[in-house]
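Biologist: I have a new model open and would like to learn how to read its features. Could you take me through it step by step?

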There are 2 protein chains.
Amino acid sequence: MLTIRDAISEDAALIRALIQELAEYDGEADQVRTTEADISRDGFGTNAKFRTFIAEWDSQAVGFAVLFHYYSTWQGPGIYLEDLYVRPEFRRRGIGTALLAQVAHTAQEENCRFVRWAVLDWNQPALDLYASLGASLLNNWRCVVLDGDGLARLARKGLSKT
Amino acid sequence: MLTIRDAISEDAALIRALIQELAEYDGEADQVRTTEADISRDGFGTNAKFRTFIAEWDSQAVGFAVLFHYYSTWQGPGIYLEDLYVRPEFRRRGIGTALLAQVAHTAQEENCRFVRWAVLDWNQPALDLYASLGASLLNNWRCVVLDGDGLARLARKGLSKT
């Protein structure tokens with residue numbers, strides 16, 4: 001039987017393991033820099049930077065979702081879904097849809113007008129699922145990231161606003 | 001002379017106007033659902049959902065940046081840059097770079113490890129600028145959004161976690 005629950009701080013090691021499994025599925029196993037301590041510090045308490053749902057099948061952890069608030073200057077407040085993952089041996093049972101439904105429900109509870117996320121363009125099962133739920137691809141948009149030395153170099157040109 | 005400052009609540013009408021100008025540049029003039037009241041309520045105070053920088057040239061508003069916190073389960077805390085815009089007649093003076101530098105500086109002040117944003121794939125001047133600053137395109141990722149009826153339909157399958 002499937003249940004979905006809010007994660008508790010004792011889940012930090014489990015969440016870190018699920019993050020790693022998802023990165024391996026994405027072909028990016030070496031990209032995970034966060035530690036169990038990061039997850040424990042950043043994911044719980046009154047200043048939590050994200051929220052985590054755990055999916056359990058017969059009390060065994062089988063998937064998770066990580067989400068936080070987003071703000072669209074066109075649409076207003078929304079939810080960003082950073083991670084959505086179901087362990088391979090538990091797929092095709094509706095667990096991904098149930099996690100997404102929980103995220104959608106949370107969005108409506110918190111007066112958020114949309115849920116936004118990113119998907120790998122070769123992940124056809126995920127693309128098919130999202131389309132079947134009525135989600136849209138933002139086709140002309142590309143994601144950009146600046147980090148490491150590039151971020152430090154550019155930051156030196158900026159002034160402190162504090 | 002260029003200055004960059006934090007927005008104040010009296011800037012809400014200006015910010016709403018700049019959001020509209022950017023949407024028009026993006027070819028999406030009819031997509032802006034937020035009002036000046038939304039910007040005023042959501043952008044200021046202790047529970048602000050985003051932060052805004054205003055660029056001024058000789059005390060005249062010429063551009064803006066809207067940002068908020070993001071959390072990467074791979075990299076940890078980061079900044080999401082929702083909007084970056086310079087009015088057309090003030091381009092090619094380094095104002096976009098100065099706004100981005102301010103965002104990068106803010107990221108470093110707040111122990112954020114990256115800045116992430118989205119760009120339209122036909123916006124070659126923006127793509128060239130970001131590449132010159134050391135930013136990377138996340139080439140295989142596509143943005144997905146679920147809102148409106150699709151969100152409401154899916155939310156009804158989710159259970160309250162409160």
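Modeller: Gladly! Helices (H or I, at least four residues) and strands (E, at least two) are DSSP runs, numbered from the N terminus. In this predicted model, A:Asp11 lies in the loop between strand S1 (2-6) and helix H1 (12-25) of chain A. A word on the ground rules: residues are numbered from 1 along each chain as its sequence is written, and chains are lettered from A and ligands numbered from 1 in the order in which they are written. Because this is a predicted model, local features need pLDDT of at least 70, side-chain atom pairs count only at pLDDT 80 or more, and totals for chains, interfaces and linings use all residues, while side-chain values use heavy atoms, with hydrogens and water left out.

Biologist: Is A:Asp11 buried or exposed?

Modeller: Buried means under 20% relative accessible area, exposed over 50%, and partly exposed in between (1.4 Å probe, protein chains only). A:Asp11 has a relative accessible area of 7%, so this residue is buried.

Biologist: And what does the side chain of A:Asp11 reach?

Modeller: The side chain of A:Asp11 reaches the backbone nitrogen of A:Ile8 at 2.7 Å. For contact, look for heavy atoms within 4.5 Å. Not counting residues up to four places away in sequence, A:Asp11 touches A:Arg5 and A:Ile54.

Biologist: Let's turn to aromatic rings. How many aromatic pairs are there over all chains?

Modeller: A pair of aromatic rings is described by the distance of the centres and the angle of the planes. Rings of Phe, Tyr and Trp (its six-membered ring) pair if their centres lie within 6.5 Å; planes under 30 degrees apart count as stacked, over 60 as edge-to-face and the rest as tilted. By this rule the count is 18 aromatic pairs over all chains. Take A:Phe68 and A:Tyr80: their ring centres are 5.6 Å apart and their planes at 25°, so the pair is stacked. A:Phe68 belongs to strand S3 (residues 60-72) and A:Tyr80 to strand S4 (residues 76-86) of chain A, 12 residues apart. A:Phe68 is buried at 7% relative accessibility, and A:Tyr80 is buried at 5%.

Biologist: Which chains does the pair of A:Tyr70 and B:Tyr80 join?

Modeller: A:Tyr70 lies in strand S3 of chain A and B:Tyr80 in strand S4 (residues 76-86) of chain B, so this pair joins two chains. The ring centres of A:Tyr70 and B:Tyr80 are 5.1 Å apart with planes at 50°, so the pair is tilted. A:Tyr70 is buried at 3% relative accessible area. One aromatic cluster includes A:Phe68, A:Tyr70, A:Tyr80 and A:Phe114, together with B:Phe68, B:Tyr70, B:Tyr80 and B:Phe114.

Biologist: How many residues does the contact take from chain A and from chain B?

Modeller: The contact takes 81 residues from chain A and 81 residues from chain B. Buried area is the accessible area (1.4 Å probe) that two parts lose on being put together, summed over both. Between chain A and chain B it is about 7,400 Å², of which carbon and sulfur atoms give 59%.

Biologist: How many salt bridges are there between chain A and chain B?

Modeller: A salt bridge is a side-chain nitrogen of Lys or Arg within 4 Å of a carboxyl oxygen of Asp or Glu. Chain A and chain B have two salt bridges between them. One of them is formed by the side chains of A:Asp121 and B:Arg142 (3.7 Å, N to O). Helix H3 (residues 95-109) of chain A gives the largest share of the side of chain A that touches chain B, nine residues.

Note on methods
A polar contact is a pair of N or O atoms within 3.5 Å; within protein, one must be able to donate a hydrogen and the other to accept it, and residues adjacent in sequence count only if both atoms are side-chain atoms.
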